[in-house]
Each structure stands twice: as C-alpha cells, then as structure tokens.
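Please keep the sequence and the structure in view.

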Amino acid sequence: MTFFGDSTYLFPAITDQGHIEVVQLLHASRYIVKFLEGFGTTFSPIRSDITGNIEKLQTKYDTDPATFSHLEAMFLDEQENKTTNYAGISGLWLKRALEFIYVFLSGYLEEHKAGKASQSLHPLIQKSYDETLSQYHGWLVQKLFSIISIAAPSRTGLMNILCNGTNLDEEQFINDLQVYLDSLSSNLEVFKSLLIEYNLENNDKV
C-alpha cells in the first residue's frame, strides 16, 4: 500500500448539510504532518506550525465535542460568543497549509502524467509556495522557506518514502494520489467558503 492508499486517512466526505466533520479533518491533517516528515529535519518548523494549528482546533473541539462535531459550528460559536479565536485563526492557517500541500501534490501528479518530472522537487515546491502561502509571509519568512525547500528530497527519494519502501508500481501510486487529492479538494472548497462566510480571511502578513 502506498502512503496515500490508506482510506482511513482520507479527508472526510462532505455531509449532506455541507459540513466538514472535525474529528476526521484533524485525523487526516495529522497524516499530512507525517507526509512532511519525508522531507527531512529541515522542514520541522513547517511541521511544527501545522501541528500547532491542528492542536488548537483539537482544544476547541474538546471543550464540547457534541456541539463542535463539524467545523462551521466552531466558527459560528466564536462569532456569536467571542470567547475564543482558536478555530478562526488556526482554521485559517491550517487551510492555507492544506492549499500548499494540494497545489504541490497536484503539480507532482501533473508532471508525472506529462512525463516531464525532474529529479529536483525544489522548483515545484517553490512554485506551490508562491501560489499559496507566500502572499501571507513577510520577506524574512519567504527567504527562510526558499532556503528550506532546497533541502527537499529528490523525486525518486520521495517516491520511495511514499511507497513505504516497497516495489509497488507507479500506476498504483498515481491512482491512490488522485483519490487522495479529490478528498482534499472537496474539503478545501467548503473550508474556503466557510472562512469567507465568517469573515475570517485576511491578507495580514506574518
């Protein structure tokens, strides 16, 4: 089984009411952190940042699991009661991180299908960053990310990690990755709509 072939780590199916279930969202997001472990220790600041946002959402959920079973309930509670901003801030940054992952993996898939895959992943990582996270980062963070991304493994190295060291054929990997991306895409669409609806999107830089 490839890294993305385990269906228990897919992002949750959107409910009939258009909700994202929090437990599975956080479960799948933690798996993203494991994916980034394959990029080596230089990516630890990125993993730590994502993990921090996941745990803040977990903290909010744990205060009332029955009420906060879906993401929108968290945003609604903070808008009405203004008791915490765990969900708003952490949800915003988690969504941005997931967008970066989605753009990177989609580009990885497209290059593979087109037969234009180079061994160096740095250009694709940088392009994905420029399209997603860069606009929310100041010059220093942008520079730091550029340096970190150079240390990414080669395409072959990453493929070996994602195939768990087995000799599974690339076709299986590509099929698994496509299913995974479809689940992530549907969640991102709802995630983005909720952030806009509750006025949580902003262009502030960090």
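The largest nonpolar core has 63 residues, and F35 and F104 have the most contacts inside it. A nonpolar core is a set of buried Ala, Val, Leu, Ile, Met, Phe, Trp, Tyr and Cys residues joined through side-chain atoms within 4.5 Å. Two or more residues of this core come from each of α1 (22-37), α2, α3, α4, α5 (122-132), α6, α7 (155-162) and α8 (170-197). α4 gives the most, with twelve residues. Helices here are DSSP runs (H or I, at least four residues), numbered from the N terminus.

The model is predicted: local features need pLDDT of at least 70, side-chain atom pairs count only at pLDDT 80 or more, and totals for chains, interfaces and linings use all residues. Residues are numbered from 1 along each chain as its sequence is written, and side-chain values use heavy atoms, with hydrogens and water left out.

Beyond its neighbours within four places in sequence, F104 is in contact (heavy atoms within 4.5 Å) with F35, F39, L121, L124, I125, S128 and L158. F35 belongs to the buried set of α1, together with V22, L25, L26, A28, S29, Y31, I32, V33 and L36. Buried means under 20% relative accessible area, exposed over 50%, and partly exposed in between (1.4 Å probe, protein chains only). The buried residues of α1 pack against α2, α3, α4, α7 and α8.

**Pockets**

A pocket is an open set of points on a 1 Å grid over the protein atoms alone, where a 1.4 Å probe fits, with protein on both sides within 12 Å along at least five of seven lines; lining residues have an atom within 4 Å of a point. A volume is the space filled by probe spheres set on the points, which are joined across faces, edges and corners.

| Pocket | Volume | Lining by class |
|---|---|---|
| Largest | about 330 Å³ | 13 nonpolar, two polar, one charged residues |

Ala, Val, Leu, Ile, Met, Phe, Trp, Tyr, Cys and Pro count as nonpolar, Asp, Glu, Lys and Arg as charged, and the others, Gly among them, as polar.

In the largest pocket, 16 residues form the lining, and I46, D49, L133, H137 and V141 lie nearest the centre. α2 (44-63), α4 (86-114) and α6 (139-150) each supply at least two lining residues. The largest share, five residues, comes from α2.

The lining of the second largest pocket includes F75, E78, Q79, Y198 and N199. α3 (71-81) and α4 each give two or more residues to this lining.

**Single residues**

N199 sits in the segment after α8. Its phi is near 55°, a positive value in a residue other than glycine. N199 is exposed, because its relative accessible area is 65%.

N187 lies in α8. N187 counts as buried because its relative accessibility is 2%. Leaving out residues up to four places away in sequence, N187 touches F11, P12, I14, I20 and L25.

E170 is also found in α8. At 44% relative accessible area, E170 is partly exposed. Its contacts beyond four places in sequence are H112 and M159. E170 and T2 are 168 residues apart in sequence, yet 9.6 Å apart in space, C-alpha to C-alpha.
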